[in-house]
Amino acid sequence: MSEELLRIENIETRFRNGKSGVATVLDGVSITLKKGEIIGLVGESGSGKSITMLSALQLLPGNGFVAGGNVVLDDNGKNLLDNKATSRAMRKVRGGRIGMIFQEPMTSLNPVMTVGDQIAEACIEHLKLSRKEAKAKAIEMMELVKIPDAAARYDEYPMQFSGGMRQRIMIAMVLAAQPDVLIADEATTALDVTTQAILLEMIKELSVKTGIAVVIVTHNLGIVARYAERIYVMYCGNIVETGSAMEIFHESRHPYTRSLIRAIPRLDDPKDRILVPIEGLPPMPKNRPKGCSFEPRCKYACDDCAEREKPQLTEISPGHSVACHLTEEQLNEKQKELDSTALGSRPPKNIREEVCLDVENVTKSFSIYRGMMRHKVAEFNAIEDISFKLHRGETIGVVGESGCGKTTLARTLMRMYTPDGGTIKLFDTDISHLSEKEMRPHHKKMAMVFQDPSSSLDPRMSAGRAVAEPIITHKICSTKEELSAKVDDLFRMVGLDPNLKERYPHEFSGGQRQRIGVARALASDPEILLLDEPISALDVSIQAQVINLLEDIQSKLGLAYIFIAHDLSVVKHISDRVIVMYLGRIMEIATSDSLYETPIHPYTQALLSAVPIADPAVEKTREYIGLQGEVPSVLNRPKGCPFSNRCKYATERCLEEIPQPTLRENGHIVACFNK
């Protein structure tokens, strides 16, 4: 590897917290980056990943400031932090020498400026080009990041692009200034797995071609396993371990690193593997222990860990450093002890023959109105001819890219929408077209857990009241005493102390709020739970807790689940069968193991290849099947097979006819002419 390009040394960042004084958020963080290198910065929310990068660029919010440390770009010894945040020298570095891509492009792009002008502005500011030259450069950048019809789309606005395309615009804007360093701060977190893979492959290719160095800031260990050469693991404002990707995943020496790896489901996991969550939460900056910050949550901790001083980052082999008091022998001895006392096996499942939900040829369409008089200009089918059966005690996973109809399907099954065609039978009762009054007794049999527990809980309602509401609505309890006892039981069932029921949603962590959401869904004693992206907003360690909780509840109560998610590793772990959807249609249905081992439909194959596995050794052996373009609008759906315009196997027949789901020999149901 070539010379050092960026060096962050002992950065200490503090935040003023009004009356409570000043809290130290970063406590001596050091990172190095070489030209053309890709490094990963990983850790839970609040670990200090983003703050490290924002500190280096002096982009902290008003109450934050860097109290010490150096940031050196190139090996000239000049500390960038000696410049004022608003100085011209610092502005030349930000966006010029160092570019940053943020998580949500809609908050980073100006909605009233065309995307072309925004890219051109960066060229004018940092490359001193004329307006005409800047426009030509902007179009060149749009083509570089594979924006179709770049010249024609130069004058379009951010709202006219999809999420993945907007993120490409952000990358084009950053690259237009020809930076030496690219920081991707959770840049693909909100994107589909296929779009995420396309963008990361593009960044990797650009790094190889241009020598640009890349910092990937993420909580997704699979991404850093696939793309990063070196990894920094952060916890509570400190680097706790750093080394090559192979060392971090195969020779990890910090208990936190090991705990993160044990908490995540992997695409290549055996079905019976138990996720081991990291119990508890990271301490707030003002409440950090004086010694090791991870000690209160550490299963490897020895008796004297709490008493000793904070461990310093120490090199244990060339390039591999760790901040832990435990020796390798102590760590491995403790590992043997933990393995011998590990959780036995996953809760038993009892899938019965009884069909609790029978969905046949369900279609749901929506009308589009435009103009002042709201004229109907079009109608489209959000879901078409959806058919499957859900058995009591079974979990069916539903996967697919954004816009494929997963959430529309869930809402139609819940009868938030009335289907335009087909039937939905709930325990032999056709509920497809029942009125609201007729549906009332059936509503309690199905409940929904939503993606974001913060927005799905009323901030003015206590947690106990939120859980009690379905019980009151369905008149399940006759007295206040019964109601209080049932709410207490539900809190215990989801692993919460009933004494917390008078608290409000903002007083709980994200994982606790999701537990309240699960308790509320269970309050009506349902027989089916629809889980719409229930863990996507949670940290990896909390995800494991919620997944284990859902499995325990299913085992105890015999519930059936429909589990909607974009994380295919989680879906494999929790599901018995999986439905793959694309543009409102079913592409493939199979058992979880069979689908992941021998996917048949080209879309399923591409979807699975895009999912990174948290193991760099495995990643080196895998083939990535790239998809061209993005999911087209349902208003512009291909005439034949929905996937035909992105499929390398497509024939003339595929372009003209819609393949129907057909049962194959191995039990797969596949909608494809060529497979």
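In helix H5, the residues Ala-134, Lys-137, Ala-138, Ile-139, Met-141 and Met-142 are buried, where buried means under 20% relative accessible area with a 1.4 Å probe and protein chains only. This is a predicted model, in which local features need pLDDT of at least 70, side-chain atom pairs count only at pLDDT 80 or more, and totals for chains, interfaces and linings use all residues. Residues are numbered from 1 along each chain as its sequence is written, and side-chain values use heavy atoms, with hydrogens and water left out.

**Helix H5 and its surroundings**
- H5 covers residues 131–144 and reaches 20 Å from its first C-alpha to its last, close to the 20 Å expected at 1.5 Å a residue, a span taken as 1.5 Å times one less than the number of residues.
- The cover over the buried residues of H5 includes helices H4 (115–127), H6 (150–153) and H7 (163–176).
- Just after H5, Lys-146 has a positive phi of about 65°.

**Helices H4 and H7**
- The axes of H4 and H7, which are lines fitted to C-alpha atoms over the stretch in contact, come within 8 Å and cross at roughly 15°.
- H4 is therefore roughly parallel to H7, a description used for angles under 35 degrees.
- Residues of H4 that meet H7 include Val-115, Ile-119 and Leu-127, while those on the H7 side include Ile-169 and Met-173.

**Thr-218**
- Thr-218 belongs to strand S7 (residues 213–218) and counts as buried because its relative accessibility is 4%.
- The side chain of Thr-218 reaches the backbone nitrogen of Asn-220 at 2.9 Å.

Terms used. Helix = DSSP H or I, 4+ residues; strand = E, 2+ residues; numbered from the N terminus. Buried < 20%, exposed > 50% of the residue type's maximum accessible area, 1.4 Å probe, protein only. Contact = heavy atoms within 4.5 Å. Polar contact = N/O pair within 3.5 Å; in protein donor to acceptor, adjacent residues only side chain to side chain. Axes fitted to C-alpha atoms, helices over the stretch in contact; angles between N-to-C directions. Parallel < 35°, antiparallel > 145°, perpendicular 65-115°, else oblique.
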